[in-house]
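Q: I want to learn to read side-chain features from a model. Please take them one at a time.

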Amino acid sequence: MDVLATGSELVSPTMGLSGNEWLNGQTGSELKLSSEGIRAMSPLSVNSVNNNVTKLLADNNTSVFGQAYLDRFQEIYDFQDTLTGILDQYPADESIPSSYLGGQFRMVKRLIQASTQLNQGRQVYFVSMGGFDNHSNQRGKHDSLLAQIDSVVSAFYASLQADGLEESVVTFTMSDFGRTIENNSNQGTDHGWGSNQIVVGGPVNGGKAYGRYPEFIRDGQDAWGNKFIPGIASEQYAATLCKWFGLSDTAVDYIFPILSPDRENAFTSRYLSFLGSDRVEQTLTIDSVSASQSSRDRTPEKAIDGDIATKWVAQGTGITFDITLAASASLTQILWSQAKGDVRQYFVDIAISSDGINFTPLKSVSSPGDTKDLVGFDLEGVEAQHIRLTCNGNNDPLRSDLRTWNNFQEIQVKGLA
């Protein structure tokens, strides 16, 4: 918010309803609130205290130092009255549960409604809920906690929809750490590394999970010991939210220097694709294709010639089929059709690259085995210009000698441009 603040805000655009230091910046600090309202000096609600403070502020016989102190005190006193007067125009929405978490969201809703009067073009709110660090009996505790989150966030979103505010608000979760893969001896889990988060809002491209679902195997391909290795950087998660919030690429690189494309071993993209964009999905132009192996005249070009009767064919496992797009794009899905795709599954590993040299594995997929039509696979919005498909044969149900054959009849790539 140091980057985005205009300086005309009546109060800080970062507001915390639970103790934390996450929203403090270099030039500004968060405004601390409670679910009950603005209480810069909560003891003032006691009449005797309030009367004595009023007398103190009226004292004109104090020293220069004392007067400066009282002037500052008066500013805080007036500040509380001003904010309270604004918030009183927006009563709490009782459709949101009145629980500890729900009370915080009720106050957030009121502050969103008051944003114009507070001269705030953008706002960030921090709410919290504890109880997840369960080293014992985790299942029963988490079921209850997640049920509370479900009811409160669902009600909050419905409340925003009722007032036409859902497209302007994104709610997302954060955590200090994940949990281990395997239970400990007390039916709980210990501190881990990789984790998952939830994002809700009108601008969210929702209804799906982003990233690759990991193997729940200790010391497996997605683990370091008993801890998940993150598949997506937390900086990419945060940068995507910042980009939606209005930050430029330059500002994102300033806040998250690890995401700069100029770094060695740079990420394929600063951003993920879970938030909306002005760009629309379209079929991307394929500039060229190549393969590590082909069968006679069944060359890679046959897979992009628009003719379903022709195809690329190769025998073996680990056969690579490379696609170069005309330009880099945010890739949403790749589609292909395959001969005998209605009676067998084909096994393919998908990797992406920005330079055509260094490829990053994205996912391993299997065709459904029940259609010869185009079948689509999600590419998660990653930014890339090159796609590598590593073909690993099929599961032909009748002939084992055919299980090392691979083919593509037609390939299409879709993305945001």
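Q: Which ring does R388 lie over?
A: A charge sits over a ring if NZ of Lys or CZ of Arg is within 6 Å of the ring centre and within 35 degrees of the ring normal. Here R388 lies over the face of F359, at 4.1 Å from the ring centre. This is a predicted model: local features need pLDDT of at least 70, side-chain atom pairs count only at pLDDT 80 or more, and totals for chains, interfaces and linings use all residues. Residues are numbered from 1 along each chain as its sequence is written, and side-chain values use heavy atoms, with hydrogens and water left out.

Q: How many aromatic pairs does a search of the whole structure find?
A: A pair of aromatic rings is described by the distance of the centres and the angle of the planes. Rings of Phe, Tyr and Trp (its six-membered ring) pair if their centres lie within 6.5 Å; planes under 30 degrees apart count as stacked, over 60 as edge-to-face and the rest as tilted. The whole structure holds 12 such pairs. One of them joins F216 and F228: edge-to-face, 5.0 Å centre to centre, 80 degrees between the planes.

Q: Where in the chain do F216 and F228 sit?
A: Helices (H or I, at least four residues) and strands (E, at least two) are DSSP runs, numbered from the N terminus. F216 is in the loop between β5 (199–201) and β6 (223–224), and F228 is in strand β7 (residues 227–228). The two are 12 residues apart, and the pair links distant parts of the chain.

Q: Is F228 buried or exposed?
A: Buried means under 20% relative accessible area, exposed over 50%, partly exposed in between (1.4 Å probe, protein chains only). F228 has 11% relative accessibility, so F228 counts as buried.

Q: Which residues form one aromatic cluster?
A: The cluster consists of W312, F321, W336, F377 and F408.

Q: Now charges. Which residue does K109 meet in a salt bridge at 3.5 Å?
A: A salt bridge is a side-chain nitrogen of Lys or Arg within 4 Å of a carboxyl oxygen of Asp or Glu. The search of the whole structure gives 12. K109 meets D93 at 3.5 Å, N to O. K109 lies in helix α3 (residues 100–113) and D93 in the loop between α2 (64–87) and α3, so the pair ties together parts that are 16 residues apart in sequence. K109 is buried, at 2% relative accessible area.

Q: How far apart are the closest N and O atoms of K109 and D163?
A: They are 2.9 Å apart, in a salt bridge. D163 is in the loop between α4 (138–162) and β4 (170–172), 54 residues from K109 in helix α3. D163 is partly exposed, at 42% relative accessibility.

Q: Which residues touch the most other members of the largest nonpolar core?
A: A nonpolar core is a set of buried Ala, Val, Leu, Ile, Met, Phe, Trp, Tyr and Cys residues joined through side-chain atoms within 4.5 Å. The largest has 30 residues; I323, L331, I334, W336, I350, I387 and L389 touch the most other members. Strands that each supply at least two residues include β9 (286–291), β11 (319–337) and β15 (383–394). β11 gives the most, with eight residues.
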